[in-house]
Amino acid sequence: LACDTIPAYIKKKIVEYNRDNENYRIIVNDYNKYSGYHGNEYISGLSELNLELIEGNIPDIVLGNKNLDMRRYTQLGMFADLGGYLEKDGFTNDEEYFTNIMNTFGYDGKQYQVPLTFSLTALAGKESVTGHDYEFTFDEFWKLGETKTLFYKPFRENLIQHFISDNLLEYVDFKERKCNFESDDFIKLLGYIKENGIPIADYESVYYEDEDYPVRIIEEICCFDYININSFDVLARFKQMDVINKKKNPDDRPAFLNIPSAKGNGIRASSATLVSICEKSQYKDVAWDFIKSLFEDEAQKKLSLINGQFQYDFPIKKSVFESQAKSAMANTDNMHSSDHYGNDVKLRNIDSDTLEILRELIKNADTPVTCDQNISSIINEQCEIFFAGGQTAEETAKAIQSRATLYLQEIK
C-alpha cells in the first residue's frame, strides 16, 4: 500500500490484518517519510510518490487524497475498475451510501477511485444577493461582479488554488493529453486575480480587521467567501450567520453555490481518504477484502474524525453520517470555531433546516476536486511573472498553455 500519509485507524487495521492473516501481509510505503529539506529545497513526500507512480513503480493499493493526482492516474489507465466489487458487496445501495459522491469520483461510468470519506467545497453567500444556484457559470459570476464586490480582499494564492489548481477538469483532459488555458474565461480570471487579489504576505492586515467573513456577507460588503464543508461545525458557523441575518431579513438565508465554471458544474467534492487498486496488481481480490472492511460502521466513524472527536470529513455511509448529525444537533460541547482574532467561540448547534441544506448540497455534488502538482507549479510560476508586470494576461495564458501541453505530452 502506497500513500503520502496514512490515517491512524487504517494503520491500526493493517496491524490487525497482518496479525490475523496467515497468507498475506500488507506492507505500507508511507512517502511522507521523504518530506523535508534537501539543502535549501523542500521536497514533499507527495512529489516522490507522484514520481514513483509516473515512472511505473506500481503498488497494489494506493491510498490517496485530494492532493494526490488520482484523477490523472485514472485517465492514464493505472487503476482497476472497482465497480464489480462495490456492487457485489452492496456498496452501490443508494439507501445506505452516498452513491452520488462515489459516482463523482467515477470516470467513464466506472469506479476507479472509491472515496471512504468526503467533504464539499462551495461559495458561501446569502440568497438575497447571490441567488441559490448549483450550476453557477462564469457568465453569471462576471455579471454579478459588474455591480457588486465578489470577494473581500481575497488572497491571490487562494484564488489560484480554488478556481484553477483544484479545478483542473475545467482546463485539462489527461486522457487526450490536451489542455485549454487560453479561453476567454481563463484570461479574464487571471485579470481578476491580479486586480482584486492581494499577496498572502498581507495576511495579518486582513485577518485582524473588525468583521469576519459571515459579517462581511451579512452586511453585503462582499458576495462570497470560499468554504470547505468538512464538518457540522462549519455549518454551525453559517447557522450563526443565519440567526444574525434573520433579525434584519426574516425571509433570507445562507446560500451555497458551486465554484463557477464555463458549463456550470455542480458542487465540488473532495476526499481525505480515497482508495484505488492498481490494474497491474496480481492481488486485486485480496486487496479488496481489506478495503471493504473500511466501510464498516466503526471504520467510517473513525476515518471521519480526528482523535475520535473532531470531524474533518463526512462518512460515505449514510447511517454513520446521520448518527453524527444527530449528535451535532443535540450536543454543543464540541461546536467551536474562532473569531477573526483567533479567540475560541462556542457555536449554536445546527438545526434540521441547516442539516437539510447540507443534504441538498451533498445531493448536488457532481464534480471532484482535481489537481496536478506539476501543472499547479507551472501556473504559480507564470502568475508570479504576471503579477510582477512581466507579461500580460494573454501572454501568461499562452505560456501556461505551452508548458502544460509539453508536460502532458511527456507523461508516460
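I started in S12, where Arg268 is the bridge partner of Thr121. Before going on, a reminder to myself that this is a predicted model.

**Entry: confidence.** The protein chain averages a pLDDT of 86, and 87% of the residues score at least 70. Helix H13 (residues 284–291) has the highest mean pLDDT among the elements, at 97, while strand S17 (residues 336–338) has the lowest, at 56. Where pLDDT is low, the predicted coordinates should not be read in detail. I'm keeping that in mind for S17, with its mean of 56.

**Entry: partners of S7.** Which strands pair with S7? I found S12 (residues 267–270) joined to S7 by three bridges, antiparallel. S10 pairs with S7 in the antiparallel sense too, over five bridges. In that pairing, Leu120 has Ile229 as its bridge partner. Strand S11 (residues 254–257) is antiparallel to S7 over four bridges, and there Leu123 stands opposite Leu257. Strand S16 (residues 314–315) is joined to S7 by two bridges, again antiparallel. At that pairing I noted Thr117 opposite Pro315.

**Entry: covering of S7.** Next I checked how S7 sits. How many of the residues of S7 (residues 117–126) are buried? I get 10 of 10, so the DSSP run is mostly covered. In a regular strand the side chains alternate between the two faces of the sheet. For S7, one side carries Thr117, Ser119, Thr121, Leu123 and Gly125, and the other carries Phe118, Leu120, Ala122, Ala124 and Lys126. Both faces are covered, with these residues all buried.

Entry: In soluble globular proteins, nonpolar side chains tend to be buried together.

What is Ile229 in contact with, leaving aside its neighbours within four places in sequence? My list reads Ser119, Leu120, Val234, Leu235, Phe256, Phe314, Leu358 and Leu361.

**Entry: Lys126 and Ile218.** Lys126 belongs to S7, on the side with Phe118. Its C-alpha is 7.1 Å from that of Ile218, though the two are 92 residues apart in sequence. Ile218 lies in helix H11 (residues 213–218). I get 7% relative accessibility for Ile218, which counts as buried because the cut-off is under 20%.

**Entry: positive phi.** Most residues other than glycine have a negative phi, and most peptide bonds are trans. I noted two non-glycine residues with a positive phi. Glu220 has a phi near 60° and is found in the loop between H11 and strand S10 (225–229). With a relative accessible area of 46%, Glu220 is partly exposed. Arg177 has a phi near 55° and sits in the loop between strand S8 (172–173) and strand S9 (178–179). Arg177 is partly exposed as well, with a relative accessible area of 27%.

**Entry: cysteines.** How many disulfides does the structure hold? I find zero. For Cys223, the closest cysteine sulfur is in Cys222, at 7.0 Å, which is too far for a bond. Cys223 is buried, with a relative accessible area of 3%. Cys278 counts as buried too, at 0% relative accessibility.

**Entry: helix H2.** In H2 (residues 45–54), I listed Gly45, Leu46, Leu49, Asn50 and Leu53 as the buried residues. Seen down the helix axis, they fall within an arc of 140°, so they line one face of H2. An α-helix has 3.6 residues a turn, so residues three or four places apart point the same way. Just after H2, Gly56 takes a positive phi of about 90°.

Terms used. Residues numbered from 1 in each chain as written. Predicted model: local features only at pLDDT ≥ 70, side-chain atom pairs only at ≥ 80, totals over all residues. Heavy atoms only, no water. Buried < 20%, exposed > 50% of the residue type's maximum accessible area, 1.4 Å probe, protein only. Disulfide = S-S within 2.5 Å. Arc of directions from axis to C-beta. pLDDT = per-residue confidence, 0-100. Contact = heavy atoms within 4.5 Å. Pairing = 2+ DSSP bridges.
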